[in-house]
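Please read it alongside the sequence and the model.

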Amino acid sequence: MNVSIIGSGYVGTTIAACLADIGHEVVNVEIDESIVETINAGEAPIHEAGLEERIAEHAGTRLRATTDYDAVVDTDVTLLCLPTPQKDDGSLDLAIMRAASESLGDALAAKDGDHLVVVKSTVLPGTTEEVVGPIVEEHSGKRVGEDLELAMNPEFLRMGTAVQDFLEPDKLVLGTTSDAAADTLRELYAPILENPDTHLVETDVREAELIKYANNAFLAAKVSLVNELGNVSKAYGADAYEVLEAVGLDDRISDRFLRSGLGWGGSCFPKDVNAIRAGAREQGYEPELLDAVVEVNDKQPRQLVALLADHVDLEGARIAVLGLSFKPGTDDIRKSRALEVIDSLRAHDADVVAYDPVAMDTVRETYPDLEIEYADSPAAALENADSAVVATDWPEFDDLSFDGMARRVVVDGRRIDVDEDVLEVYEGLTW
Ligand SMILES: NC(=O)C1=CN([C@@H]2O[C@H](COP(=O)(O)OP(=O)(O)OC[C@H]3O[C@@H](n4cnc5c(N)ncnc54)[C@H](O)[C@@H]3O)[C@@H](O)[C@H]2O)C=CC1
Ligand SMILES: O=C(O)[C@H]1O[C@H](OP(=O)(O)OP(=O)(O)OC[C@H]2O[C@@H](n3ccc(=O)[nH]c3=O)[C@H](O)[C@@H]2O)[C@H](O)[C@@H](O)[C@@H]1O
C-alpha cells in the first residue's frame, strides 16, 4: 500500500520506518528540513531502539521523506502524526492540526479517486469529524463518504520501546465511519494483526479518540496513586516497593506501572491528562480525581529535594543528578522530572553536576542558560559530590558503586537495582 505520513517526530518516524519494514511504500511529509535530510540519508532523527537500522535499510527504496505535501497525491492513505500540544491553560491546542489539514486538503485537490485520512495524533472527541474532516473537505473539494474517508486510529507506543510497541501492540483501535475505511486499515496493519496477542478493537471515531485519553489518564492516575501510597509507606517507615509488589500480584491490579518515585513526565501524560481535564470541564463535568492525579505528580520532585535537604545543607553543596531524560531509553526531556529537581536544587543554591547517557545535548540546546555542569560519565558526576539524586532509571546506573563521593548521601528517585552492599552505605536512601 502507498502511505503518506504527515509529521515525522517520535510517532511519525517510528511508524514510517515500521510500515516500510512490513512492506508498504512510505513517504514522510515533514516541515523540518533537517529531519527530512536525516531520514533520506538513511539515519534516524531520534534515539529509539531498532529505528536506525530500519531507516538505513529502507531509505531510498520503500521509505523517503519530503517537505512537499504534493507527495500525498500518489498515496492511498495519509496518517496524521502531528503534535497536539497544550495551551497555557492546559486545553488542547489544535493549531498545528488545522494548518496541516489545510495543506493536506490543498494537496489532495489534485488527486483523482478516493483517499483515506487517518488521525493518529491524540485528539479530543469530535476533532477528527468536526475539525480535520471539514478542513480537508473544504481545501480538497472532496466529500467525506464519497471520495474521502476519515478514521481515527490512536497510537499507544511508548518512547524508548517505540518500534517494538508499534510492531507488537496489545491492541489496535480502529475508529471508522465506513466499512471501506475499516477495510483499508485492516489491510495496512495485516502483518501486525496476525499476532494472536494483538486485540483488534473496531469502533466509532469518537470512542477511538476517547480510548486514547482514557488509557493515558488511567496509567497516569495509577502512577500517582502508587506515589501517594509510596509517600504514606515512607511516612510509616515501610518499604513501598515491597508493599506494592504484593499488591500487584492481584490480577485485577497487575504488576505493571507500580513504580513509585519522582512521578511521570514526558510529552504525553502531562498534556493528555490536562487536555481531558479541560475537555471534561468544557462538557460541564468537574474531573476532581484527575485534578488530584496532577497535584500528586507535581509534588514528587519537591518531596525528593525535601528528603535530600534533611541530610545535606543544600546551599553551596555539590549535587550529582543522574539522568535527565523523562525515562530511560530516550533522549526526550519534555516535562522530565529531572529538570524539576534541578530547578528546585538551583533555587536552594546547590551546585548541580548532571550526567545522562543520551540527553545531555538536548538539555544544553534547550536550556542554554541552565547553570549546571555536565559530566561525561556517572563516575565523573559523582566525584566529590556531597550527594546524588537518581532521576532516571537508566540500567547503567544499577552497577554504580557511588565511590568517589565526598559523602554518600544518595536519594534514589527511581529505585534502581543497586547492589545490597552499596545500599548499606547510603545515608539518604530511596523512595
Ligand atoms: N511520543 C509518543 O510517544 C506518542 C505520541 N502520541 C501522539 O502523537 C502525536 C505526535 O507526537 P510526537 O510524534 O511525539 O510529536 P513530535 O513533536 O515528536 O513530532 C511532530 C512532528 O510534526 C512536525 N510538524 C509540525 N507541523 C507540521 C506540519 N504542518 N506539517 C508537517 N509536519 C509538521 C514537527 O516538525 C515534528 O517533527 C501527538 O498527538 C502525541 O500526543 C501518541 C502516542 C505516543
Ligand atoms: O501517549 C503517549 O505518548 C504514550 O504515553 C506513555 O508512554 P511514554 O510517555 O513514552 O512513557 P511511559 O513508559 O508510559 O512513562 C511515562 C512516565 O511515567 C513514569 N513511570 C512509569 C511507570 C511507573 O511504574 N512509574 C513511573 O513513574 C516514567 O518514569 C515516565 O516519566 C504511554 O505508556 C503510552 O502507551 C502512550 O502511547
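Which polar side-chain atom lies 2.7 Å from an oxygen atom of ligand 1? That atom belongs to lysine 271. The model is predicted, so to speak of local features a pLDDT of at least 70 is needed, side-chain atom pairs count only at pLDDT 80 or more, and totals for chains, interfaces and linings use all residues. Residues are numbered from 1 along each chain as its sequence is written, chains are lettered from A and ligands numbered from 1 in the order in which they are written, and side-chain values use heavy atoms, with hydrogens and water left out.

**Ligand 1**

- The shell around ligand 1 holds 27 residues, and the closest are Val11, Glu30, Tyr69, Thr84 and Lys271; a residue is near a molecule if one of its heavy atoms lies within 4 Å of it.
- A polar contact is a pair of N or O atoms within 3.5 Å.
- Taken alone, ligand 1 exposes 830 Å², of which the protein buries 89%; accessible areas come from the Shrake-Rupley method with a 1.4 Å probe.
- Helix H1 (10-21) and helix H4 (95-108) are the elements that give two or more residues to this shell; helices are DSSP runs (H or I, at least four residues), numbered from the N terminus.
- By residue class, the shell around ligand 1 has 15 nonpolar, seven polar and five charged members. Ala, Val, Leu, Ile, Met, Phe, Trp, Tyr, Cys and Pro count as nonpolar, Asp, Glu, Lys and Arg as charged, and the others, Gly among them, as polar.
- Domain 1 (2-202) and domain 2 (260-430) each provide at least three residues of the shell around ligand 1; the domain bounds come from an automatic or database domain assignment.

**Ligand 2**

- Ligand 2 is surrounded by 20 residues, the closest being Phe156, Leu157, Met159, Lys212 and Cys268.
- From the side chain of arginine 414, an N or O atom is 3.2 Å from an oxygen atom of ligand 2.
- Ligand 2 taken alone exposes 710 Å², and the protein buries 90% of that.
- Helix H9 (205-235) and helix H11 (269-282) each supply at least two residues of this shell, and H9 gives the most, with three residues.
- The shell around ligand 2 comprises 10 nonpolar, three polar and seven charged residues.
- At least three residues of the shell around ligand 2 come from each of domain 1 (2-202) and domain 2 (260-430).

**Cysteines**

- A disulfide is a covalent bond between the sulfur atoms of two cysteines.
- With a disulfide taken as a pair of cysteine sulfur atoms within 2.5 Å, the count comes to zero.
- Cysteine 18 is in no disulfide, and the nearest cysteine sulfur, that of cysteine 81, is 11 Å away.
- For the sulfur of cysteine 81, the closest cysteine sulfur is in cysteine 18, too far for a bond.
- Cysteine 18 is buried, with a relative accessible area of 0%, and cysteine 81 counts as buried at 9%; buried means under 20%, exposed over 50%, and partly exposed in between (1.4 Å probe, protein chains only).

**Alanine 380**

- Alanine 380 is in helix H15 (residues 378-382) and is partly exposed, with a relative accessible area of 32%.
- Between alanine 380 and arginine 407 there are 27 residues in sequence and 15 Å in space, C-alpha to C-alpha.

Note on methods:
Polar contact = N/O pair within 3.5 Å; in protein donor to acceptor, adjacent residues only side chain to side chain.
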